[in-house]
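This report goes through one protein structure, from its overall build to single residues. Please keep the sequence and the structure in view while reading.

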Amino acid sequence: MMKPVDGRKRVVIEGVDPEIDAGRFPIKRIIGDTVHVEANVFGDGHDRIACHLLFRHEGETQLHRVKMEPLGNDRWRAAFQVNKLGEFFYTIAGSVDHFGTWRSDLIKRLEAAQDVALELQTGAMLIEQAALRAVDEDAIRLKEWAYILRVKSGDEETKQTALDAELTATMQRYANTDFETRYDRELSVVVDRERARFSSWYEMFPRSCSPALGKHGTFQDTEVRLEYVAGMGFDVLYLPPIHPIGSSFRKGKNNSVSAQPGDVGSPWAIGSQAGGHTAIHPELGTLPDFELFIAKAKSFGLEIAMDIAFQCSPDHPWVKEHPLWFKHRADGSIRYAENPPKKYQDIYPLDFESEDWAGLWDALKDVFIFWIEHGVRIFRVDNPHTKAFPFWEWAIGEIKREHKDVLFLAEAFTRPRVMERLAKLGFSQSYTYFTWRNTKQELTEYLNHLFNAEVKEYFRPNFWPNTPDILPEQLQMGGRAAFMSRLVLAATLGTNYGVYGPAFELLENLPVKRGGEEYLNSEKYELKHWNLDDQKSLAPLIRDLNRARHENAALQTNHELSFHATDNPYLICYSKRSADGSNVVLIVVSLDPVHVQAGWVDLDLVKLGVDAHEPFQIHDQLADERYLWQGPRNYVELSPFEIPAHVFRVMRRIRTEKDFDYYL
């Protein structure tokens, strides 16, 4: 082994946390968050160690330094706040603290009543060296301290001067960093806006918004629905693809191979003579209509999320203009999408091994840029796991370099490692397996994995009880109670959730076939006419649930989720608390959509922040009912014929000067 460049650097830095894949990928935070960093930092011998956290924003060149505090066993911690969108960089620096070592030894000698005159001379020398590095008043002050220690080393007052806290703080500011060890890599944090952490999504097909039965809806028709969506408390309105739909091999109703006259086809079969991924379906309206729609949605507090599906119908302009962007069969024809034995003749997948891969990458990135320039800031990306990983890392990085407020939701129901890789590459949020986690054990294990493992540093889950592609068996068989319980679970377990409506709130639950997850008469292939005034609608419950999410900070964070024991396997109980602990929400949900379920919950009162010897009040945010509980063990009964869930705000007791009890 060769000698190091400088063998005088004696400090070791390891075990840095958070760090993803040896620094290959960034962690994720929201603007205003505090990033807590820990590391093992130590040196040889008995010298004291000085350890600092260094950080900067991407727009800065100067590193900020924060002193790290010891936790014991050579573990150190410090924190910094991310106060701008974009990327922050951080690393660790450590060095032998010669002044700190000298000061510590001086205290020991003084306690042992030893002669310290020579030691004070040594201290004066260290202070004089620091004075050469200092500026302005600090340099003058350090010289004064050095003079006192050198000239008055025999005075008792000088001993106290040597231990002066102001002297110590000044010396730390001007510590010698010549032999400082830097961690061998610079780590990074991607900082997004608040919507990346907390959002309520509603998916809706604009073409089904016409007030007239059987007529194709427009953006103007969809504007009328904005008040309805906003009234339920959603803040993101997600639209399936709004582009022209191909006519070649168009799918008919219920995904039939042959379309009948008047069949509208699947919005995911993108492209026709009217244009491709930067065009709007003529029956929806024009580009100015879409821009007006975005502005109107904003007035209702709604952001528009746009579906990006990188695939083409046989009629897409790219098929003729860029045939190299597609895979070909042995006979020269373009290969359509297949998932044997299923065939999707109406869709051509793109070839990421194309000779013209660079041109393809540029074109796909330009699709995002086009819609960003027309007001879109959220993209739900269809099946990103079927496109090349390097493309996503490049495209998202390039886009967010110029448009730091843009967010990406990955719709990738695939293997866990693939989903996690996409999150590492830059996707802001990700669909999850929540849709298929039904039992208490399944939910508990899955949520503990998402929120208590390393994955929480980069993977932001978005929970959906249904999508246009997925009608889970739980909803097919469980009826109204299943819809309610799955809604409460999705909206309270995570901070990001969504529903496909109006199918969800109107309790659509018929599959095209038994054992399948496709909707019968799926809206993917036909226009639907929804009765939003249906008395069975869950819209009021959704409104109350979203109101509770906005009024309780505990439901806006994922890092303080705790599960509590119950004596009934059909009752799941968990709590969430805000970062400052001032807001705590306790949730109990019945997982049985058929029978009344009752049992005892065994609460971890420390997690709830309540005194085991004092009563505490809980306020149901959905039913607006209050209960007085005391101690860890309390009784719960939930019926599928009512709301099969409690969303309690925990109210701690306080006593006023007039001796009245209040609960806050």
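**Overall build**

The model is predicted. The protein has 15 helices and 32 strands. Its C-alpha atoms fill a box of roughly 105 × 70 × 45 Å, taken along the principal axes. Of the 664 residues, 53% are buried. Among the contacts with a separation of 6 or more, 74% are between residues 24 or more positions apart.

**Empty spaces**

Rolling a probe the size of a water molecule over the atoms shows where empty space is left. Four cavities of 30 Å³ or more are counted in this model. The largest cavity has a volume of about 80 Å³. Its lining includes Phe 205, Pro 206, Arg 207 and His 216.

The largest pocket has a volume of about 1,600 Å³. It is lined by 43 residues, and the closest to its centre are Asn 339, Lys 342, Tyr 344, Asn 383 and Asp 469. Strands β15 (337-339) and β16 (342-344) each supply at least two residues of this lining. The largest share, three residues, comes from β15. The lining of the largest pocket has 16 nonpolar, eleven polar and 16 charged residues.

**Aromatic rings**

How many aromatic pairs does the model have? The count comes to 44. Phe 290 counts as buried because its relative accessibility is 0%. Trp 371 is also at 0% relative accessibility and therefore counts as buried.

Ring pairs also link a cluster made up of Phe 310, Phe 352, Trp 357, Trp 361, Phe 368, Phe 379, Phe 391, Trp 392, Trp 394, Phe 408 and Phe 427.

In two places an arginine lies over the face of a ring. The table gives these places.

| Arginine | Ring | Distance from the ring centre |
|---|---|---|
| Arg 141 | Trp 145 | 4.2 Å |
| Arg 486 | Phe 434 | 4.2 Å |

**Two single residues**

Thr 557 is found in the loop between α14 (539-551) and β23 (561-566). Is Thr 557 buried or exposed? Its relative accessible area is 13%, so Thr 557 is buried; the cut-off for buried is under 20%. Leaving aside neighbours within four places in sequence, Thr 557 is in contact with Thr 495, Lys 576, Arg 577 and Ser 578.

Pro 390 is found in helix α10 (residues 389-402). Pro 390 counts as partly exposed because its relative accessibility is 49%, and exposed would require over 50%. Pro 390 and Leu 425 are 35 residues apart in sequence, and their C-alpha atoms are 8.3 Å apart in space.

Terms used
Residues numbered from 1 in each chain as written. Predicted model: local features only at pLDDT ≥ 70, side-chain atom pairs only at ≥ 80, totals over all residues. Heavy atoms only, no water. 1 Å grid on protein atoms, 1.4 Å probe; cavity = no way out; pocket = protein on both sides within 12 Å on 5 of 7 lines; lining within 4 Å. Points joined across faces, edges and corners; volume = space filled by probe spheres on them. Helix = DSSP H or I, 4+ residues; strand = E, 2+ residues; numbered from the N terminus. Nonpolar A, V, L, I, M, F, W, Y, C, P; charged D, E, K, R; others polar. Phe/Tyr/Trp six-rings, centres within 6.5 Å; stacked < 30°, edge-to-face > 60°. Buried < 20%, exposed > 50% of the residue type's maximum accessible area, 1.4 Å probe, protein only. Lys NZ or Arg CZ within 6 Å of the ring centre and 35° of its normal. Contact = heavy atoms within 4.5 Å.
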